[in-house]
Amino acid sequence: MLYDVIVIGASTSGAFLAKLMAKKGFIVKVIEKADAENVGRKMDIVHIAKQDFDRYHLPKVKKGSPEWAFEFEENYTASPSGNYPKKSFAPMVGLHMHEYVSLMNKKAVAAGADIEYNASFNDFIYKDDKIVGVRYDVAGEEKECFGKVVVDCSGIPAVARRKLPDKMGMETFSLTPEDMFYVILYYVDFLGEKPINVGWPYHKSWIAPSDSKGGKIVGIGACHSYEYAEKMFERFRKDVALPAYEVKRTERGTTPYTRPPYTFVADNFVAAGDAACLTKPNNGEGITSSMTQLEIVADVLEKAIMEGDCSREKIWAINTRYNNVQGADFAFTRAVLTKAITATKWEFEYFFKKDIIFSEKMLGAVNAGPEIKISIGDILHIVGGILGAILIGKLSLKTVKNLLSGLRLGAKVKKLYLAFPETPDGYDAWVKKADKLWNKIGKMQ
Ligand SMILES: Cc1cc2nc3c(=O)[nH]c(=O)nc-3n(C[C@H](O)[C@H](O)[C@H](O)COP(=O)(O)OP(=O)(O)OC[C@H]3O[C@@H](n4cnc5c(N)ncnc54)[C@H](O)[C@@H]3O)c2cc1C
């Protein structure tokens with residue numbers, strides 16, 4: 001059997017693409033390492049913005065169904081010491097991940113995709129240096145399947161992308177501890193009154209619901225390691241007084257926090273989802289931001305498969321279209337945040353107090369889209385506030401320099417991503433410029 005598309009991984013990204021391609025009438029094979037009982041079990045709860053169910057045509061779930069965990073609309077963002085809470089409105093649905101991924105798998109199968117569980121990718125099969133299929137293990141036995149294009153949706157391990165030979169022109173990096181957020185989620189019951197949903201950006205900590213009965217998640221994310229995240233959590237607990245709670249259980253997981261590979265495509269190959277580091281730069285969430293890319297992938301592959309050519313040149317538009325829709329904005333936000341995060345605790349506190357950067361309007365703009373869209377009036381307010389803060393000694397010149405450098409580098413990197421070459425010609429020169437900019441931007445600390 002010759003498949004049109006082979007997808008590696010059947011979690012949110014793999015199941016989403018498999019359904020899209022099967023609905024278009026293509027023959028789709030998905031290989032998934034986990035068994036059907038464990039697919040999508042890397043954590044219990046994930047959130048998806050309510051509006052995204054329609055936006056991405058995702059299966060909707062009803063209150064009380066096995067996939068549904070809770071819904072909430074209001075969220076607060078507070079200063080490092082827990083003061084000056086800013087309210088934002090962003091309706092969210094909490095989902096049990098395994099149950100929701102299973103539902104997505106069922107929808108993909110109903111559309112015609114073939115999902116094989118307990119099937120672990122080993123390597124590609126090549127003919128004349130071109131990918132023509134994959135080898136994979138099922139219960140210790142090696143199997144083969146052949147297809148016109150392979151899409152890596154295997155998450156952070158990026159099992160297929162990292163196997164590609166250099167000559168295919170794809171970056172094969174693995175994520176280092178500096179390229180990920182180590183997230184620890186404490187599922188807790190507060191003993192007295194339940195606190196509101198709130199995030200503390202300085203501490204990269206938050207309180208969110210965990211179920212419909214008032215259970216909460218107290219979470220923290222940090223680069224480097226879980227040990228470092230625990231240390232940061234202790235620091236957070238010293239700064240912010242939380243009401244007494246009892247920890248019921250703890251979950252840990254990592255999410256990519258680095259720029260995606262410059263190109264997502266090689267001959268007969270596409271990298272997607274966490275395997276392509278497509279998480280949002282402001283919070284590390286990656287389910288729907290990956291779907292933005294996967295919709296483009298499905299559209300471009302449809303034409304390429306119909307024309308019998310999934311070469312790098314033919315599917316290159318995945319890169320350019322993605323950068324126009326989301327990649328350039330994400331690159332801008334990543335650059336700005338990487339520099340802004342160097343502000344001190346007291347500077348953050350002052351920003352909150354005076355509504356500079358951390359105002360309800362700005363936080364609303366962050367929730368609304370990939371790029372922070374602000375008016376001239378807002379900029380003048382920020383600049384005036386910053387100048388005033390320097391004059392009265394509340395803000396160091398070092399922080400101002402970093403903020404300005406973030407904005408300058410963000411604007412440059414966005415411009416570069418919007419000018420991504422239309423064809424592989426010019427790509428090497430583009431990479432040189434991008435490398436230079438990312439070296440200046442550095443990594444989030
Ligand atoms: C603690 C935590 C909380 C998060 N909360 C949210 C949230 O609320 N909202 C949100 O949008 N994002 C959230 N994220 C991020 C989100 O989980 C990921 O961005 C998203 O799951 C990526 O989906 P994916 O399908 O690309 O990868 P994954 O979900 O990692 O799936 C990869 C799949 O590939 C399979 N696989 C791996 N190796 C092989 C192999 N060799 N052969 C075959 N199959 C293989 C795996 O078994 C898995 O099923 C969170 C992340 C963490 C760590």
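This is a predicted model: local features need pLDDT of at least 70, side-chain atom pairs count only at pLDDT 80 or more; totals for chains, interfaces and linings use all residues.
Helix H11 comprises 22 residues, 397-418. At 1.5 Å a residue the helix should span 32 Å, and its end C-alpha atoms lie 31 Å apart, which agrees. Its buried residues include Thr399, Leu403, Gly406, Leu409, Val413 and Tyr417. An α-helix has 3.6 residues a turn, so residues three or four places apart point the same way.

The whole structure contains 21 aromatic pairs. In one of them, the ring centres of Tyr417 and Trp438 are 6.3 Å apart and the planes meet at 85 degrees, so the pair is edge-to-face. This pair connects distant parts of the chain, since Tyr417 belongs to helix H11 and Trp438 to helix H12 (residues 427-441), 21 residues apart. Both Tyr417 and Trp438 are buried. They belong to one aromatic cluster together with Tyr262, Trp316, Phe420, Tyr427 and Trp430.

Tyr262 of this cluster also has Arg259 over its face, 3.6 Å from the ring centre. Elsewhere, the charged end of Arg249 sits over the ring of Tyr187, at 3.8 Å from its centre.

A search of the whole structure finds zero disulfides. A disulfide is a covalent bond between the sulfur atoms of two cysteines, and the cut-off applied is 2.5 Å. Two cysteines illustrate the result:

| Cysteine | Closest cysteine sulfur | Sulfur distance | Relative accessible area |
|---|---|---|---|
| Cys153 | Cys277 | 13 Å | 7% |
| Cys310 | Cys145 | 15 Å | 4% |

The sulfur of Cys153 is too far from that of Cys277 for a bond, and the sulfur of Cys310 is likewise too far from that of Cys145. Cys153 is buried, as is Cys310.

Note on methods
Residues are numbered from 1 along each chain as its sequence is written. Side-chain values use heavy atoms; hydrogens and water are left out. Helices (H or I, at least four residues) and strands (E, at least two) are DSSP runs, numbered from the N terminus. The expected span of a helix is 1.5 Å times one less than its number of residues. Buried means under 20% relative accessible area, exposed over 50%, partly exposed in between (1.4 Å probe, protein chains only). Rings of Phe, Tyr and Trp (its six-membered ring) pair if their centres lie within 6.5 Å; planes under 30 degrees apart count as stacked, over 60 as edge-to-face and the rest as tilted. A charge sits over a ring if NZ of Lys or CZ of Arg is within 6 Å of the ring centre and within 35 degrees of the ring normal.
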